Amino acid sequence: MRKKFLLYAAVMGLSGITAQILLLRELLVSFYGNEFSIGIILANWLLLEAAGASLLGPALARARKNFSIFIGATILFSLAFPFSIYLARVFKNFLPTVQGQGLGISAIFCASFLSLLPSSLLHGALFTSCCELHNRGGEKSPGVFSVSSVYIFEAAGTLLGGITLSFLLLERLNSFEIAFLVAFLNFAACFFLLKGKRSSLIPALAAGAALFLLLGPGAGNLHLLTARKQWSGHELLEYRNTIYGNIAVTKRSGEYSFFLDGSLAITAPNPDITAIEEFAHIPLLSHPSPRDILVISGGAGGALGEIFKHGPASVDYAELDPAVLELLRKYPTELSESELSDKRLRVKYLDGRLFLKKTPRKYDVILTGFSDPSTLQVNRFFTEEFFGLAAGKLREGGILAFRLPGSLTYMNPEMRDMNASVRRALEKSFAETALIPGDGSHLYMASQGKIALSAEKMMKAANDRSISANLITRDYLDYKLNGRRLQRFEESLDGSPAAPNRDFRAMAVFYSVAHWNAMFDPGFKKAFTFIEKINMPGAASAAFFIFLLFAASAFLRKGAKPALFFSIFSTGFAGMLFDLMLIFAFQALYGYVFHWLGLLVTACMSGTVIGGLWMKRFIEKGGEGGPALLKLEAALALFALLLAALFLNESGARALLLPEFVLKSVFLLLSLASGLFIGAEFPLANSRYLKNTGALGGAAGVLYGADLLGGWLGGIAGALALLPVLGLAESSALIAFVKLLSFALLFFALRSRLSA
Amino acid sequence: MAEKFLSSAAGKRGLMLFAGLILSAAIALSGKPAFSGSGETAAETRATPKVEARAEKEAMFYSKLKDNFVRCLLCPNKCTLPEGSSGICRVRKNIKGKLYAMSYGKPCSVSLEPIEKAPLYHFKPGHKRLALATVGCNLSCIFCQNWYISQKGPGEVTEYDAPPEQIVEEALRQGAESICFTFSEPSVFYEYVYDISRLAKEKGLMTSIVSNGFINPEPLRQLLPYLDAVKIDLKAFSEKFYRKVTGGELEAVLNTLKLLKEENAHFEIVNLIIPTLNDSPEEIAEMCAWIKENLGDDVPLHFSRFSPTYKLTTLPPTPVRTLEDAIKIADDAGLKYVYIGNVPGHKRNSTNCPRCGKTLISRRGFSVTSNNLKDGKCKFCGLSIPGIWE
């Protein structure tokens with residue numbers, strides 16, 4: 001019987017990670033790809049799990065007919081999951097906003113909270129009730145093993161689920177199909193639990209229903225129906241998950257729009273002519289003879305066509321996701337057909353930065369087509385490290401050009417700081433830089449030689465090359481290159497306090513999020529101004545203050561409970577932060593490669609499993625929980641310090657000199673190690689906790705809750721404030737500091753107990 | 001029973017969670033308007049004058065009520081303000097029972113622009129205008145291109161000190177032939193517009209205004225003698241759109257247009273077509289019919305292409321075909337001067353003679369490439385073309 005519960009726990013783990021990742025992706029599309037929302041979504045998931053685990057779970061376990069309720073709750077969860085997907089897709093229809101209107105933090109918070117609620121609350125409850133019932137299955141075994149075993153099996157299920165989802169399912173099945181598959185597995189697990197009893201008929205039937213929905217048209221229809229609701233008024237032609245993200249294609253009155261992760265990327269056959277022509281022509285007209293050109297993203301959809309007008313010898317185009325071009329070809333327009341079939345075009349399906357690093361070629365002009373460094377993935381093209389790389393791949397007189405958000409009318413502080421941060425990063429590698437303000441975006445050019453911003457020269461070049469474009473006239477160039485305006489914008493950047501943008505310290509992302517926030521939730525503006533000023537002493541003081549609260553509680557209660565709570569809480573915090581840090585760093589160095597992210601998560605989870613098993617053995621052999629816990633805390637602090645040393649900014653460049661497989665293995669090892677700590681600490685602390693309280697379901701719930709709450713804080717504070725503003729190294733140092741504090745607290749709390 | 005639950009650890013947590021939920025709901029539903037009083041950000045490095053120092057210019061259209069309340073009479077919002085508070089536009093404030101124009105003499109945006117960018121196509125083509133604005137606006141369109149200044153109040157952006165004389169001097173110095181009040185909403189910095197315009201006319205400069213038309217008749221009437229050209233945004237032809245998407249009223253804007261016609265002002269209309277929100281052919285047809293009937297068939301009408309901006313971040317740009325369909329509807333309704341905006345290179349950027357069909361003014365983007373008007377008439381057939389040409 002107990003073993004069946006363990007099997008159930010595995011299925012539960014699988015369900016949990018599947019629901020979490022799937023709902024994350026769905027909500028991300030609904031929030032138009034806003035990366036900050038990732039932190040909020042993960043955090044809310046954890047919070048709701050914690051609530052389910054510490055509130056609902058114990059209540060379920062203590063109820064009279066708890067076994068039947070347990071089965072019922074499982075069935076409910078299996079229904080809640082597809083319902084959550086439904087909510088995630090259609091919630092905007094219930095808001096007072098109009099279609100295409102963006103969302104602010106509070107809307108994102110509430111929408112994710114409410115969409116996730118059905119699934120995560122139930123999932124959390126199922127964990128604690130599973131622990132309780134597992135324990136009841138074998139009265140002779142002490143409670144502590146129960147919780148640890150369940151935890152370990154759940155982790156194993158998570159591992160399996162994460163890998164299967166990332167590598168197999170996401171590309172092949174739509175979200176509803178995956179949800180029904182998970183439902184089927186849950187019902188099957190219930191069936192095995194009830195096998196032999198009459199009531200096992202219910203889960204059997206439910207399993208059958210789930211299978212029918214999965215294999216039949218049910219899932220497919222639900223998927224299309226809800227997907228269409230997100231683009232009402234437009235015809236939805238494609239809605240696809242690739243390993244890089246989500247692509248949607250809509251059509252209205254003969255105009256196609258391509259969305260990446262919910263964010264508009266390409267419009268064909270009539271693009272934003274001003275944006276395309278300025279981006280392509282101004283840099284190329286500034287170069288006397290642009291023969292070999294590299295375009296990193298943002299080429300398809302008009303820019304390439306304009307570039308070809310200059311008669312280059314070759315145009316290399318790096319676009320990460322092959323699906324983008326595939327879909328452009330599937331819905332051809334004159335615009336895309338002509339530019340994609342040009343013989344001089346060489347498409348590379350590779351991350352642009354990776355391509356640049358590997359290519360032996362040098363270019364006359366390099367254009368990066370991203371328009372807003374709003375995500376970590378894109379930020380890598382606006383940093384000191386990238387600009388240094390690009391500088392090395394330009395021929396003499398070569399020009400690098402890119403855009404940043406901006407306005408001709410006024411430069412507000414967030415935009416100004418973002419522009420300044422990137423500009424200062426640019427100046428580290430280029431002798432000459434130029435800013436040309438524009439409507440909607442500012443154009444930046446950089447070169448080692450002088451950049452002549454002369455309308456006369458550019459017009460002459462345009463005539464020599466027989467370029468006919470809608471915007472390029474002498475009049476227009478005079479207006480665009482107006483000296484007074486250029487100077488005014490230059491001066492406004494000077495006043496900015498922003499630090500240069502770096503891979504491991506993504507200030508541009510922070511300012512981009514602050515800018516977005518200024519649009520939608522100006523009430524939070526003060527919060528962002530505050531966050532911008534976060535520094536090590538400040539953060540450390542805040543952490544110390546929280547520590548004092550727990551210390552006071554421990555002193556007053558004369559027990560180890562607060563110390564244990566603080567230690568698990570801060571480990572949960574550290575765990576989430578390590579997770580984000582390693583993903584962040586990996587993204588900074590390699591770009592978004594989904595399979596590798598899946599491997600990192602897998603390594604972390606493996607570590608958790610191994611750590612958990614190791615500790616279980618240790619406890620079974622009668623090991624003392626207290627001293628072991630202390631050693632673990634100290635080890636965590638040292639690990640954090642090691643990471644801090646590794647993440648120092650300079651190490652990024654040195655790291656890239658290592659052979660690729662060595663560096664990637666290092667990442668896997670580090671993920672494994674961080675998982676190990678977290679996996680080991682929970683059973684240890686739990687065993688310690690139980691010695692003090694004696695109650696099982698409640699204890700498991702409380703500590704589980706502490707773990708998850710710590711992770712919640714790590715998710716929100718980490719993604720937004722600590723990692724971009726403090727940077728990776730300092731955030732790691734901060735964790736080390738917090739761990740030292742919890743070590744101290746635990747030491748004193750346990751010492752008094754030991755001597756008693 | 002309840003007490004026991006609440007005093008337990010689980011109960012306390014539950015309470016916190018519940019409180020958090022309520023708080024979140026409260027935040028979401030509060031729908032805090034964009035402005036939250038003045039709030040200087042620490043990132044601002046240029047010192048902006050203290051609020052009291054702005055209280056120099058008394059407003060021109062308001063009435064005093066009892067208890068030191070005032071009612072602003074400038075625009076249909078007709079804000080009733082207790083002492084110390086500002087109107088919806090953020091720039092008109094009640095200080096000790098008097099209404100003051102707080103952004104007077106404090107522009108935040110001043111630049112030299114082509115007149116075609118307003119867009120004003122029948123107003124001395126090809127000339128340069130000095131465009132300026134202060135903060136503030138009496139509407140809150142979710143697609144505002146200039147939200148950084150329109151949805152802000154005094155002190156929230158970097159402002160310059162520039163009394164009217166200085167603006168006029170600047171215009172002359174930069175070689176501008178006209179001064180244009182634009183970007184945010186000129187109606188709300190009415191007194192500044194008024195004083196600059198009077199001065200400008202004395203110095204031989206022309207003047208124009210780019211406005212949402214959400215202004216009361218009397219103030220508009222008094223300003224018109226000092227304005228040469230007006231561009232009005234007729235954002236949609238439905239009250240529902242105006243209410244939901246801009247926070248204004250259609251009726252008021254239509255009244256403004258009728259008044260402009262009555263006073264024989266030169267004005268042009270822009271209609272920004274936003275997919276799914278105001279692009280229905282029926283609505284456009286209604287609008288064109290109304291224009292023809294109430295304003296005549298020779299008011300220049302521009303159908304502009306929408307691009308994602310401000311809060312409408314992911315709505316795709318207007319399909320060009322939609323714009324062309326709208327143009328056809330307007331042509332069929334008998335309107336003579338119908339243009340397309342934000343589609344550089346399109347043939348409907350140019351002005352054609354409604355009688356003989358020849359191209360009168362050809363434009364590429366904002367550049368005028370040829371002008372076939374002579375004394376305000378078509379060079380080829382002599383038809384008089386409405387506008388200000390000299």
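These are my notebook entries, taken one topic at a time.

**Ground rules.** I am working from a predicted model, where local features need pLDDT of at least 70, side-chain atom pairs count only at pLDDT 80 or more, and totals for chains, interfaces and linings use all residues. Residues are numbered from 1 along each chain as its sequence is written, chains are lettered from A and ligands numbered from 1 in the order in which they are written, and side-chain values use heavy atoms, with hydrogens and water left out.

**The interface.** I began with where the two chains meet. I found 69 residues of chain A in contact with 68 residues of chain B, contact meaning heavy atoms within 4.5 Å. The size of an interface is often given as the accessible area lost when the parts come together.

**Charges across the interface.** I counted 5 salt bridges between chain A and chain B, taking a salt bridge as a side-chain nitrogen of Lys or Arg within 4 Å of a carboxyl oxygen of Asp or Glu. Asp439(A) pairs with Lys117(B) in a salt bridge, 3.0 Å from N to O. Lys117(B) also has a salt bridge to Glu113(B), at 3.6 Å. Glu113(B) in turn forms a salt bridge with Arg485(A), where the closest N and O atoms are 3.9 Å apart. Glu113(B) sits in strand E6 (residues 109-114) of chain B and Arg485(A) in helix H19 (residues 483-494) of chain A, so this pair joins two chains. Helices (H or I, at least four residues) and strands (E, at least two) are DSSP runs, numbered from the N terminus.

Is Glu113(B) buried or exposed? At 3% relative accessibility, I put Glu113(B) down as buried. The cut-offs I used are under 20% relative accessible area for buried, over 50% for exposed, and partly exposed in between (1.4 Å probe, protein chains only). Arg485(A) is buried as well.

**A loop residue facing chain B.** I looked up Asn412(A), in the loop between strand E9 (394-406) and helix H16 (413-427) of chain A. What does Asn412(A) touch, leaving aside neighbours within four places in sequence? I found His515(A) from chain A, plus Trp147(B) and Tyr148(B). Asn412(A) counts as buried, at 1% relative accessibility.

**Salt bridges elsewhere.** Over all chains, my count came to 43 salt bridges. Within chain A, Asp478(A) forms one with Arg474(A), the closest N and O atoms being 3.3 Å apart. Both lie in helix H18 (residues 474-480), 4 residues apart, about one turn of the helix. Asp478(A) is partly exposed at 37%, and Arg474(A) is partly exposed at 38%. I also noted a network of salt bridges linking Asp292(A), Asp316(A), Arg346(A), Arg361(A), Asp364(A) and Arg395(A).

**Chain B.** Last, I turned to chain B, which has 10 helices and 18 strands. Of its 390 residues, 57% count as buried. Ala265(B) is in the loop between helix H8 (250-262) and strand E11 (266-273). Not counting residues up to four places away in sequence, Ala265(B) touches Leu224(B) and Leu260(B).
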